[in-house]
Number of protein chains: 2
Amino acid sequence: MRDGKPAPDAPPADTPETTGHDTAPPPPLLLDGFVPYRLSVLANVISRSVAAIYEERFGLTIPEWRVMAVLGLEDGGPEPVSANSVAARTAMDKVQVSRAIARMVQAGLVSRDTDSADRRRSALALTDKGLAVYRQIVPAARRYEQELLAALSPEDQAALDRLLSTLHAAAVARARAQGVE
Amino acid sequence: MRDGKPAPDAPPADTPETTGHDTAPPPPLLLDGFVPYRLSVLANVISRSVAAIYEERFGLTIPEWRVMAVLGLEDGGPEPVSANSVAARTAMDKVQVSRAIARMVQAGLVSRDTDSADRRRSALALTDKGLAVYRQIVPAARRYEQELLAALSPEDQAALDRLLSTLHAAAVARARAQGVE
DNA sequence: CTACGTTAGTTTCATTTGAAACCACTTCCA
DNA sequence: TGGAAGTGGTTTCAAATGAAACTAACGTAG
């Protein structure tokens, strides 16, 4: 149940740190009821499962899978895909992307040419081998997701969708305000 | 949006990897609609914010904060707290816990004695200094959580609570079945 | 056309992380 | 007693990560 939200502004008793000598102990905090902790644990469990699938069945890490997801999506489009645009679509920074791509090029899953229009940029694409992996991994990913979501009613699945979006927006806004880039 | 959820059981066309030579391209996957990805990104954004608070205001990392949360909770109880029991309550492994405790002992926040009943075990507790930090950090943590949850209606907060629990149970069950310990 | 500021991407280096090896102690059982 | 075998916790070593430095190419202002 957790404490039933007592109006947005917290009661004064909940913020004792204003007076350094006030020894009133704050109500202790149960980690298991703390949303950031729960989210972190949940995301970790799921990431491990997903990572295990990608790793053992396709030899890919999660960053690599993300790169693949973007390249597979863009496949056939006329616009050459740069590492930067991959980074923008994956919430990874350019170093992570660079490393993931390097491994995938090495493994023959991704082709990298210099974009002729701008020679700083690389033009990335899945190779045939990469595409073959992509065509297997996408259904595997969907299947895992479905297995997980099967624990939820359709309404709850919709609710989850909404909540994730709302929370993400709120968290990003809060982080910005806080100066965490 | 997203592909309009086509009944819990996926259509056969969605699992083509059974025939290696089937070249029918699977529908591409939008990372932004993929729950494991979204959860991971969300948890990361929040973790960064929380970590920034703990770090700049209290000089603590997240593992350290978790240790503190457990010790603060147990404070005054007659049972001496061992590193192992901390690990059990924090979803961290014993190495992480060991390192977090080492830093906190170093910083004078935690006292560590050998449990006289079992000299392998350590008896951990917050020092006065640690307790003082605890009493400030708990309200700060609560406040952050409240700011985040303020983006949700009370009903949505309740829904979130439920969904996190259900998903966690499902993910853990699935991971076990998969052999990811 | 040349010089400065910017962007794309990689590399380097220090730190963090994880797995396995490792001590110290306890427990089980002959 | 006196070993195995097991548990609590730390350490070691290798691999992953992140931040900042760096190279190369572009755009633009003189």
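Tutor: Arg162(A) is found in helix α6 of chain A. The model is predicted.

Student: Why is Arg162(A) called partly exposed?

Tutor: Arg162(A) has 13 other C-beta atoms within 10 Å. A residue counts as buried at 20 or more and as exposed at 12 or fewer. The value 13 falls in between, so Arg162(A) is partly exposed.

Student: How far from Met68(A) is Arg162(A), in sequence and in space?

Tutor: Arg162(A) and Met68(A) are 94 residues apart in sequence, and their C-alpha atoms are 26 Å apart in space.

Student: What describes two packed helices?

Tutor: The angle between their axes and the distance between the axes.

Student: Then how do you know whether α6(A) and α6(B) are roughly parallel or roughly perpendicular to each other?

Tutor: The axes of α6(A) and α6(B), residues 154-178 in each chain, come within 10 Å and cross at roughly 110 degrees. Angles of 65 to 115 degrees count as roughly perpendicular. The two helices are therefore roughly perpendicular to each other.

Student: Which residues make that contact?

Tutor: Asp156(A), Ala159(A), Leu160(A) and Leu163(A) from α6(A), with Asp156(B), Ala159(B), Leu160(B) and Leu163(B) from α6(B). By class, the contact of α6(A) with α6(B) has 6 nonpolar, no polar and 2 charged residues.

Student: What makes α2(A) roughly perpendicular to α3(A)?

Tutor: The crossing angle of α2(A), residues 62-74, with α3(A) is roughly 110 degrees, and their axes come within 10 Å. Since 65 to 115 degrees is the range for the term, α2(A) is roughly perpendicular to α3(A). Arg66(A), Val67(A) and Val70(A) of α2(A) meet Val86(A), Arg89(A) and Thr90(A) of α3(A). These residues divide into 3 nonpolar, 1 polar and 2 charged.

Student: How do you know that the span of α1(A) is close to the expected one?

Tutor: Helix α1(A), residues 35-58, has 24 residues and reaches 33 Å from its first C-alpha to its last. Just after α1(A), Gly59(A) takes a positive phi of about 70 degrees.

Student: Which residues are closest to DNA strand C?

Tutor: Among the 15 residues that surround DNA strand C, the closest are Ser82(A), Ala83(A), Asn84(A), Ser98(A) and Arg119(B). Two or more residues each come from α3 and α4 of chain A and from α4 of chain B. The largest share, 4 residues, is given by α4(A). The surface near DNA strand C has 4 nonpolar, 5 polar and 6 charged residues.

How values were computed
Residues are numbered from 1 along each chain as its sequence is written. Chains are lettered from A and ligands numbered from 1 in the order in which they are written. This is a predicted model: local features need pLDDT of at least 70, side-chain atom pairs count only at pLDDT 80 or more; totals for chains, interfaces and linings use all residues. Axes are lines fitted to C-alpha atoms, for helices over the stretch in contact, and angles run from 0 to 180 degrees between N-to-C directions. Angles under 35 degrees count as roughly parallel, over 145 as roughly antiparallel, 65 to 115 as roughly perpendicular and the rest as oblique. Two residues are in contact if their C-beta atoms, placed from the backbone, lie within 7 Å. Ala, Val, Leu, Ile, Met, Phe, Trp, Tyr, Cys and Pro count as nonpolar, Asp, Glu, Lys and Arg as charged, and the others, Gly among them, as polar. The expected span of a helix is 1.5 Å times one less than its number of residues. A residue is near a molecule or strand if its C-beta atom, placed from the backbone, lies within 6 Å of it.
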